[in-house]
Amino acid sequence: MDRPVPPASGRENQAIDARRIPARRRRIKPSEALLFVLLSVGSLLFLLPLWWMISTSLKSPQEIAQYPPTFIPNEFHFENYIHTWQAAPFTLYAFNTLMLAFFAVVGNVVVNSFIAYGFARISFRGKRLWFSVLLATMMIPGFVTLIPQYVLFSKLHLVGTYYPLIIPQFLGSAFYIFMLRQFYLSIPKELSEAAKIDGANHLYIWARIVIPLSKPALAAIAIFAFNGAWNDFLGPLLYVNDEVLYTLQIGLQSFRGSVQTQWNYLMAGSVIVLLPVIVLFFLFQKYFIEGMNLTAGTKG
Amino acid sequence: MKTNAETLTQKKKRKKLSPLARREELQGYLFILPWLVGLFGITLFPMLFSLYGSFTNYDVTSRMDFIGLRNYTRMFASDPLFWKSLYNTLYYVALMVPLTTIGSVLLALMLNERIAGMRVFRTIYYLPAVLSGVGVYFLWIQLLNPSSGLINTLLGWVGIPGPAWLSDPMWTKPAIIMMKLWGVGGGMLLYLASLQGVPSQLYESAKLDGASAFRRFWHITLPMISPVIFFDVVTSFIGGFQIFQEGYVMTDSGNGGPMGSLLFYNLYMWNQAFQLFDMGYAMAMAWVLFVIVLLLTLINLRMSRRWVYYEGGED
């Protein structure tokens with residue numbers, strides 16, 4: 001990774017160096033070396049918490065209490081994970097969470113793209129007004145609607161079910177609609193005009209032309225929606241009270257009550273809950289970045 | 001008279017659409033229908049209901065009597081916990097927004113250079129940003145442990161005696177902000193994307209004119225990425241006022257931590273609504289929050305005219 005820094009030298013030496021070193025091997029400036037060191041130290045600091053989580057999850061309770069703390073466990077207690085997995089119904093929690101995440105992904109990808117198509121490619125009266133309303137709703141903090149939404153769902157006798165968590169996923173999210181609309185505006189009109197002349201309606205154009213063209217953007221939304229559902233704590237905390245319906249987040253929180261200060265088990269539980277997101281991140285990093293590019297693209 | 005009649009017919013013409021245009025219009029509304037249902041069903045209607053509810057003593061099950069402004073006067077005049085929770089939230093937002101913004105801009109600038117291992121660096125700095133939820137809070141409770149935690153161990157190496165973090169009311173909020181700074185990679189990626197959109201000719205011609213690195217940053221980079229900074233500031237502002245989970249999970253089942261130092265606005269509202277079932281009061285709190293956030297966002301928008309640069313004029 002790091003190339004050897006050539007020794008500081010006079011003009012003659014430089015001339016010799018220039019001949020010896022292939023042209024593409026440019027000299028490293030001191031500022032670049034400094035930046036490299038700085039970033040290396042920084043990334044160690046950024047990774048250390050994750051290392052700490054894994055190492056604590058493998059320690060014995062005695063070793064956790066030890067002072068000063070050890071960075072690498074003296075003994076590796078892999079059975080901590082088995083114990084954790086058996087101490088609470090994590091399999092059930094994982095299944096529940098995956099189900100909710102599935103609906104979140106399907107809902108967000110299909111519905112937001114559908115709505116965004118309407119805003120981007122169809123002209124109808126009142127569109128500008130509705131679009132500014134859409135932008136304005138982005139400024140409403142979620143907590144403002146939280147309580148009346150709870151009242152609404154409780155009047156519909158849906159508290160204690162998954163419906164309050166699933167239904168909103170199919171009603172569009174202002175931010176994703178906005179993002180996709182900007183993207184759809186950039187698709188050349190000629191593509192859809194040609195199909196229109198052939199008698200295609202909007203549904204057809206949306207499904208057969210626009211969706212295939214926006215796969216990377218939709219993949220980004222799918223990943224963000226999955227991540228959001230996986231990490232959602234507030235929703236299940238509010239609407240779910242039966243342990244059979246607990247998600248990983250709620251399950252982990254209640255697991256804390258049963259193991260109290262046994263941090264090896266708590267950290268093992270945290271690793272179990274966070275690991276799928278980390279794996280997802282490394283598999284689909286491209287789309288995380290795609291999503292960010294789209295977000296940046298909507299500004300300016 | 002004549003002109004009046006003319007405009008009238010024109011208006012009629014505009015209202016009467018050809019069958020084709022009408023079909024188009026119908027399809028347009030069909031496409032945005034799911035959003036309209038959500039807008040009225042789970043946003044506007046609930047908000048109106050909560051506006052009325054904020055003037056009542058609603059408790060979900062039995063009573064909903066109109067009590068006028070009593071919820072609001074109680075909040076402002078005789079509820080010290082309301083003020084405490086508002087103070088905690090403002091404190092958090094006022095520190096978190098500038099720190100994460102500056103942090104992510106600086107990180108993005110560093111990660112925009114072409115040096116060895118840059119892809120790996122970017123991945124490492126971004127990774128914590130995708131992690132959130134209870135697992136992360138548990139991890140940080142562990143990291144912030146005054147005696148055996150990682151943070152105070154590291155501080156000890158450089159000779160700084162670390163504070164008691166989550167058990168010292170003075171240090172609880174800085175501890176939460178530190179945790180947020182770990183996730184600074186999300187904003188970094190946003191800035192990185194916009195930095196790569198700055199045309200390189202601008203830098204080249206500035207270099208020819210002999211502009212220093214700092215001047216190039218101040219006069220080219222900063223104006224060019226200012227729309228993204230503005231967007232990031234506005235969204236993290238609104239996001240900052242949503243803080244709840246940190247206070248709920250990182251204190252003992254939501255009691256607000258040592259001396260109520262982590263009793264954030266939403267946590268207090270939550271307790272009023274779902275512990276005490278004082279829904280009327282909680283709804284009044286929600287509306288006060290909405291007005292505060294709206295006002296601050298408008299101030300933000302107004303101030304943005306002074307420092308946000310839009311290429312090719314304002315949109």
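1. The model is predicted, so local features are described only at pLDDT of at least 70 and side-chain atom pairs count only at pLDDT 80 or more, while totals for chains, interfaces and linings use all residues. Residues are numbered from 1 along each chain as its sequence is written, and chains are lettered from A in the order in which they are written.

2. The contact draws 76 residues from chain A and 73 residues from chain B, two residues being in contact if their C-beta atoms, placed from the backbone, lie within 7 Å. On the chain B side, helix α2 (residues 19-53) gives the largest share, 19 residues, where helices are DSSP runs (H or I, at least four residues) numbered from the N terminus.

3. Helix α15 (residues 263-283) of chain A packs against helix α6 (residues 134-143) of chain B at an angle of about 145 degrees, their axes lying 9 Å apart; axes are lines fitted to C-alpha atoms over the stretch in contact, and angles run from 0 to 180 degrees between N-to-C directions. Among the residues that meet here are A:Trp263 and A:Leu266 from α15(A), and B:Phe138 and B:Leu139 from α6(B).

4. A:His157, in the loop between α7 (142-155) and α8 (163-166) of chain A, has a positive phi near 55 degrees although it is not glycine. A:His157 is exposed, with 9 other C-beta atoms within 10 Å (exposed means 12 or fewer, buried 20 or more, with C-beta atoms placed from the backbone).

5. B:Trp165, in the loop between α7 (150-157) and α8 (172-182) of chain B, likewise has a positive phi, near 45 degrees. B:Trp165 is buried, with 22 other C-beta atoms within 10 Å.

Conventions:
Helices (H or I, at least four residues) and strands (E, at least two) are DSSP runs, numbered from the N terminus.
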